[in-house]
Amino acid sequence: MQEGFELVKQGLVGCWLVKDLSRFGRDYLTVGQYTDIIFPSYDVRFIAINDGVDSNRGDSEGFAAIRNLFNEWYPRDTSKKVRVSLRQRGTSGKHMGKPPYGYRCDPEDKDHWILDEEAAPVVKLIFDLCIDGKGPEQIARILEEKQILTAKALYAKRKKKPMPERPYHWGNQSIVGILERQEYTGCTCNFKTYSKSYKLKKRIPNEPENMFYLPDTQEAIVSQAQFDRVQELRKNKRRPAKAERQGLFSGLLFCADCGGKLHFATSKNFEGKQDHYVCNNYKSNRGTCTAHYIREDVLREIVLERIRAVNEYIRSDVDGFQEEWLQCRRTDQERSIRDDKKKLEQAKKRLADLDVIIARLYEDYVLGNLNQDRYRKMSADYEAEQERLKLEIEVIEEWVEQREEMNDGLDAFIALTQKYVDVEELTQTIVNEYIKKIIVYAPDKSSGKRKQKVKIFFNFVDDVDIPVISEPIITQTTYEHRKTA
């Protein structure tokens, strides 16, 4: 089409022939611009056979413009119907796309996904490697070294089609796509993208509140806690250091004064004890913040000590910890989940009763048993109560959901303490699973000794006021030795 328009502009076209106007285009503005302005300007005769349009005969009655308008109305109406159909399917809990790498369609139910025995362990490995501190490029290299077939190569092998030239070459974007795919937690997630108009093909990422999410629709490959942790780590991307060493706490350290991150400083000429972290906004004393300098070996020691203390505290009294944790999270709430659910049931029942009452009220008004003023006042009162109940139900449901998610986080953290019974040495995996963030304060040298406060926030239980977790650690350094308190 575009080539034809270029030929028109070059004066090489004498007649433009189409089957009907809809074949030429369905945007009535564009079609009208060409048939009424551009083609006459270049002396091009336009003919639409089925519609009986011939520019040489003219269009005195204006039927061509009406046809163009109907031609545009048809795809608009079709698009609206398709959107409604897709919305109904998407909100019914059915997946709207093909299963991603790691799943396959159930032979007995094409709308249900089951685990792909070959691919699911690879997906789990990718998430584990990310928790272990590896980035997409590093993960891709590891998969290539292990000679794990890419998704394209695996599907080609199964269908007995020609294999790609590099069957083990994983792309960074493929790894990122897997790490961001929420369906691996066992849920259905529809309407992740949308288009502004049926005329625009570009897909735009949807806001989370506009998506449709339904949990537990297929077997999960990774837990929700692990998926959430990976997303947190992905937000704090770590740049590889020029030296061979990688910062164990990179992306987790934040300045207490400016809120900026602390970056890892190392060198091939450094010994391990010289590796340290400084505030990004320090910039060699030319920035807007002080250094907040802290050595990595100091952090290793205090974080390891704190993790051991937390593990011992929780394992010594799991039931007591659960009750203490729940009480801390309920400080602003007067009712338990059971009370909230009971209140929710009562509100829903009352809402249903109001529908019946309003219907009967209308019947009394129609039959003449109720005057108009009385009907309007009573119906307005009931409708106002309905709106209040709907808002109340929405708030309670959201709070109950949040409370249940809190319980899931508690179980995940207790399972973590049972997984690492005796932590001898910190690894990247242990740090990423336990630690959410670490706040580093500026050192205090007023006493003649260097004292520095460090606040550690743990995953899932960062808001709980438990002594071994909530109290900051103060490191004290002298010329001869260093100790923590």
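A nonpolar surface patch is made of residues with over 30% relative accessible area and no salt bridge, whose nonpolar side chains are joined within 5 Å. In this predicted model, Phe70, Trp73 and Tyr74 form such a patch, with about 390 Å² of accessible area together. Trp73 belongs to helix α4, residues 63-91. Its relative accessible area is 49%, and Trp73 is therefore partly exposed.

In soluble globular proteins, nonpolar side chains tend to be buried together. The largest nonpolar core here has 34 residues, of which Phe249, Val303, Leu426, Tyr434, Ile435 and Ile438 touch the most other members.

Leaving aside residues up to four places away in sequence, Val303 touches Phe249, Leu426, Ile435, Ile438 and Ile456. Another core, of 30 residues, lies apart from this one; among its members are Trp113, Ala140, Ile142 and Ile148.

Helix α7 spans residues 151-158, and its buried residues are Ala153, Leu154 and Ala156. Viewed down the axis of α7, these buried residues fall within an arc of 165°, so they line one face of the helix. After α7 comes Lys160, which has a positive phi, near 55°.

Technical notes. Residues numbered from 1 in each chain as written. Predicted model: local features only at pLDDT ≥ 70, side-chain atom pairs only at ≥ 80, totals over all residues. Heavy atoms only, no water. Patch = residues over 30% accessible without salt bridge, like charges linked within 9 Å, V, L, I, M, F, W, Y side chains within 5 Å. Areas by Shrake-Rupley, 256 points an atom, 1.4 Å probe, with all protein chains shown as cover. Salt bridge = Lys/Arg side-chain N within 4 Å of Asp/Glu carboxyl O. Helix = DSSP H or I, 4+ residues; strand = E, 2+ residues; numbered from the N terminus. Buried < 20%, exposed > 50% of the residue type's maximum accessible area, 1.4 Å probe, protein only. Core = buried A, V, L, I, M, F, W, Y, C linked by side-chain atoms within 4.5 Å. Contact = heavy atoms within 4.5 Å. Arc of directions from axis to C-beta.
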